[in-house]
Amino acid sequence: MKKKDIKVLVVDDEVAFANTLSQRLQMRELKVGTAYNGEEALSKLKDEEPDVMVLDLKMPGLHGMEVLREIRKAYPDIQVIILTGHGTDKDAEEAKRLGGFDFLRKPADIDHLEHKIRKAFQEKLERTMTAIAFAEAGEFDTARKIIKEEDEEQ
Amino acid sequence: MEHKSEENLRLLQLEFVGKILAGFTHDIKNYIAIIKESAGLIEDIIKIEKTPKNKSEQYIEIIRSIEEQIQKTNDLFRYLNRFAHRMDTQLAAFNINESLEELFALIQRVANQKKITLARDFQRDIPSVYSNPSIFQFLIFSFLEERMTNLDKNSIITVKTGIKGSSVGVNISSEGVLRVGQDVQAMIPPEIRTFALQKLTGDISESNGNILITLPVSR
């Protein structure tokens, strides 16, 4: 897989920040898009799903945590890295509970962020490969069936 | 009853100050992030473009200096943001070492001006305590402020933390000469001591210029 094949969506209401960060990530051979609020981010997902989303928390309108919740429901394959200037330990716990890949505080080191993005993408790939392997072996359906039967028994 | 209601209003006022400060530090951190990314972008461009080596080295050195200042500013605002959030709730589980480190960072400038050393002797991996995080810092600050006012230059104030049974203890002692006319025993103003004792769920004892605060470990 070529480096440019990793699709990233940067979501931040600070336009200058989102644009500059996007430029820097593009220079690191990532394919980067931007959205300036939560609603715009969710709308962009309908056209194209990124592999990794870099998401701010405190934005006007839809809060980043709400965006994360929506993504988990409708787009479970997208990896979300929270990047916020407003991160409390409570926010970090909440993001983890909601299935966020990582929680970084602004200002973040660009090399560290790039590393996290690639790591998130790698994990996504591995997850997809595992799901394919299970499905091919028919074990995925069997496992789901067992869980379903256990639920019905309870 | 009237006294109680005034006290509650004061606490609400404290929470209000905390909320405003937390929002303010959030905005500042955003601006710092923008400056950092802009400086970083210039560095990226210099590396990509064919700038003469002596020039590019000079530019990168200037950018490093900007980044260093950004880092220092960010560290201060991170502490200030956490400090503001200490006022979110009246009782919470928190790490005493982190709370003290944060307070030290915010008052270090005062200590430097007075040429007083704030020494730390923190026990590692200390359990969290359950108490009032804001009042705890207020109490420590009141004590340190009194010491820094009354101690002469080149004195040392040592803050030590450690586990004491099912509590965590903070011991503050000082080495140095008291300014003329100062009483070694007079440390925390009595009204602050009474107020802190009511709110802290812990104990405060003072003797020979030292203070020991014990707070219960969080369950």
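Modeller: Two strands pair if DSSP finds at least two bridges between them, and that is the test I will apply to this predicted model.

Biologist: What makes strand 6 and strand 7 of chain B a pair, and in which sense do they run?

Modeller: Strand 6 (residues 203–207) and strand 7 (residues 210–216) of chain B are joined over 5 bridges in the antiparallel sense, and because the rule asks for at least two bridges, they count as paired. Among the partners, B:Glu206 is bridged to B:Ile211, while B:Ser205 stands opposite B:Leu212. The two strands form a hairpin with 2 residues between them, and there B:Asn208 takes a positive phi near 45°.

Biologist: Why is the sheet of chain B called open and its pairing mixed, and which are its edge strands?

Modeller: The 5 strands of this sheet follow the order 2-4-5-7-6, with mixed pairing. At its edges stand strand 2 (117–121) and strand 6 of chain B, each of which pairs on one side only. Neighbouring strands are turned by 15° against each other on average, with direction ignored. Strands of a sheet pair through backbone hydrogen bonds, either parallel or antiparallel.

Biologist: How do you know that helices of chain B pack on that sheet, and what do they touch?

Modeller: Contact requires heavy atoms within 4.5 Å. Helix 3 (residues 96–113) of chain B touches strand 2, strand 4 (156–164), strand 5 (167–175) and strand 7, and its direction makes about 165° with that of strand 2. Helix 5 (residues 190–200) of chain B touches strand 6 and strand 7, its direction making about 145° with that of strand 6.

Biologist: What sets B:Lys115 and B:Asp125 apart in their phi angles?

Modeller: B:Lys115, in the loop between helix 3 and strand 2 of chain B, has a positive phi of about 55° although it is not a glycine. B:Asp125, in the loop between strand 2 and strand 3 (129–131) of chain B, likewise is not a glycine and has a positive phi of about 50°.

Biologist: Turning to chain A, why are strand 2 and strand 5 said to stand at the edges?

Modeller: The open sheet of chain A has 5 strands in the order 2-1-3-4-5, with parallel pairing. Strand 2 (31–35) and strand 5 (102–105) each have a single partner strand, so one side of each is left without a neighbour in the sheet. Neighbouring strands are turned by 20° against each other on average, direction ignored.

Biologist: How do you know that strand 3 and strand 4 of chain A pair?

Modeller: Strand 3 (residues 52–55) and strand 4 (residues 79–84) of chain A share 4 bridges in the parallel sense, and since at least two are required, they are a pair.

Biologist: What kind of peptide bond joins A:Lys106 and A:Pro107?

Modeller: That bond is cis, with omega at about -10°, and A:Pro107 is in the loop between strand 5 and helix 5 of chain A.

Biologist: Why is the pair of B:Glu37 and A:Arg24 called a salt bridge?

Modeller: Their closest N and O atoms are 3.0 Å apart, and because the cut-off is 4 Å between a side-chain nitrogen of Lys or Arg and a carboxyl oxygen of Asp or Glu, the pair qualifies. A:Arg28 and B:Asp44 also meet in a salt bridge, at 2.8 Å from N to O; this pair crosses from the loop between helix 1 (15–27) and strand 2 of chain A to helix 1 of chain B. The count between chain B and chain A is 3 salt bridges.

Biologist: How many residues of chain B are in contact with chain A, and how much area is buried between the chains?

Modeller: On the chain B side 17 residues are in contact with 18 residues of chain A, and about 1,800 Å² is buried between the chains, 62% of it on carbon and sulfur atoms. In chain B, B:His26, B:Glu37 and B:Leu41 lose the most area to chain A, together 32% of what that side buries.

Terms used. Residues numbered from 1 in each chain as written. Chains lettered and ligands numbered in written order. Predicted model: local features only at pLDDT ≥ 70, side-chain atom pairs only at ≥ 80, totals over all residues. Heavy atoms only, no water. Buried area = accessible area lost by both parts, 1.4 Å probe. Axes fitted to C-alpha atoms, helices over the stretch in contact; angles between N-to-C directions.
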